Amino acid sequence: MPGLFLPTLDGLLAQGVSGRGVLVRCDLNVPLDDDGRITDRGRIVASVPTLDALAGAKAKVVVTAHLGRPKGGPESKYSLKPVAAALGEELGRHVQLAADVAGPDAQARADGLTDGDVLLLENVRFDPRETSKDDAERMALAHQLSKLVGGSDDPAGAFVSDGFGVVHRKQASVYDVAMLLPHYAGKLVIEEVTVLEKLISSTERPYVVVLGGSKVSGKLGVIESLAAKADRLVIGGGMCFTFFSAQGYAVGNSLLQPEMTETCKKLLETHADVIHLPVDIVVAEEFTADSPLQAVDAHEIPHDKVGLDIGPESVKRFTGLLSNARTIFWNGPMGVFEFPAFAAGTKGVAEAIIAATRKGAFSVVGGGDSAAAVRQLGLPEDGFSHISTGGGASLEYLEGNRLPGLEVLSR
């Protein structure tokens, strides 16, 4: 979204925020294990610079965020209780947790804040108005949220958008509340936009894009957009099987989107010199962590097997394609990295990106599962130029789509 002017947190801090209420939208949607323990604090850590700057300047900080996809009401498994504890540890200060989104407990706690205090509201998606398609419903919730920092009639209140992972959503805590309060982009949002703008407008070549993940349909827009801009577009993960099918090859029991076959066929015809597919696949009898595996030619997948990772020859080939890259964008794993037996493809490609980065390439990990894979596989985070917190938002930005949460900040 070139040309957008975003008022920044630094501008707000320059005005002075001591004693002022500031509502901050963060992206704290972290993964949890079956026991409710956080398995990756990446997004929490990324939110610290903005929150620390505000609290350190003695603002009364009210944080709103979501976790998971609750179905229209409170669900204990999606409570932000573990997030509040982790955020407090990362900030080095106590973080209160309200019992509701913008109700009586949230208002009472907000009214009782002293300078430098931090209050985290309960999961904003516990209120169905957050994601409503009805403008009036969303605005009603936005008014309640704004009142926690003084309301739209209080010139001292302010809103800071720092959840880059949700700026592509037209939701109450992302979009509508910015219509009511003086609004600013937080440190994380500015950093993410700056990095993505560099990918768009200051691309040093060769430019290599690596895309993985499960479905072609979810990334069709970015495939079409980046295939026209990149020098090489490497495709792995579950997406590759629909491309194989488009070439006329059987894929056994592997993930397949038959309705996308013709689209993939046209992409291969239009961008034959740019798109690169795996040459071998690691297959298994079933989708389980301990299923016996073998590597087979990508065009000879047995009818009773399921592909769960790219093979070793593909890793070598993709490593070669990445070796002289000067700009790299990676979004999506090469296989089911959550299962150790099927993580080699993702790890191998990530290591190739790290090697290129150490030779001077500018590399961006496009959030989501890719960022989770970096941490789960024990790869050095400083081996990449930037690890984004927003998978979907990053893709939509690179496609050139309008992102409501950014557009509203420029008003």
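A: In this predicted model, the buried residues of H3 are Val83, Ala84, Ala86, Leu87, Gly88 and Leu91. These buried residues pack against helix H2 (42–56), E3 and E4. Helix H3 itself spans residues 81–91 and lies across E3 and strand E4 (118–120), running at about 170 degrees to E3. After H3 comes glycine 92, which has a positive phi, near 75 degrees.

E3 and E4 belong to an open sheet of six strands, ordered E3-E4-E2-E1-E5-E6 and paired in parallel. Strand E3 (95–97) is an edge strand, as is strand E6 (183–185), and each of them pairs on one side only. From one strand to the next, the twist averages 25 degrees. Elsewhere in this sheet, strand E1 (residues 21–25) pairs with strand E5 (residues 158–161) in the parallel sense, over four bridges. Valine 24 stands opposite valine 160 of E5.

For context, there is another open sheet of six strands with parallel pairing, in the order E9-E8-E7-E13-E14-E15. Strand E9 (275–276) and strand E15 (386–387) are at its edges with a single partner strand each, so one side of each has no neighbour in the sheet. Strand E13 (residues 327–331) and strand E14 (residues 362–365) pair in parallel over four bridges, and phenylalanine 329 has valine 364 in E14 as its bridge partner. Helix H10 (residues 312–322) packs on this sheet, touching strand E7 (207–211), strand E8 (232–235), E9 and E13, with its direction at about 155 degrees to that of E8.

Note on methods
Residues numbered from 1 in each chain as written. Predicted model: local features only at pLDDT ≥ 70, side-chain atom pairs only at ≥ 80, totals over all residues. Heavy atoms only, no water. Pairing = 2+ DSSP bridges. Helix = DSSP H or I, 4+ residues; strand = E, 2+ residues; numbered from the N terminus. Axes fitted to C-alpha atoms, helices over the stretch in contact; angles between N-to-C directions. Contact = heavy atoms within 4.5 Å. Buried < 20%, exposed > 50% of the residue type's maximum accessible area, 1.4 Å probe, protein only.
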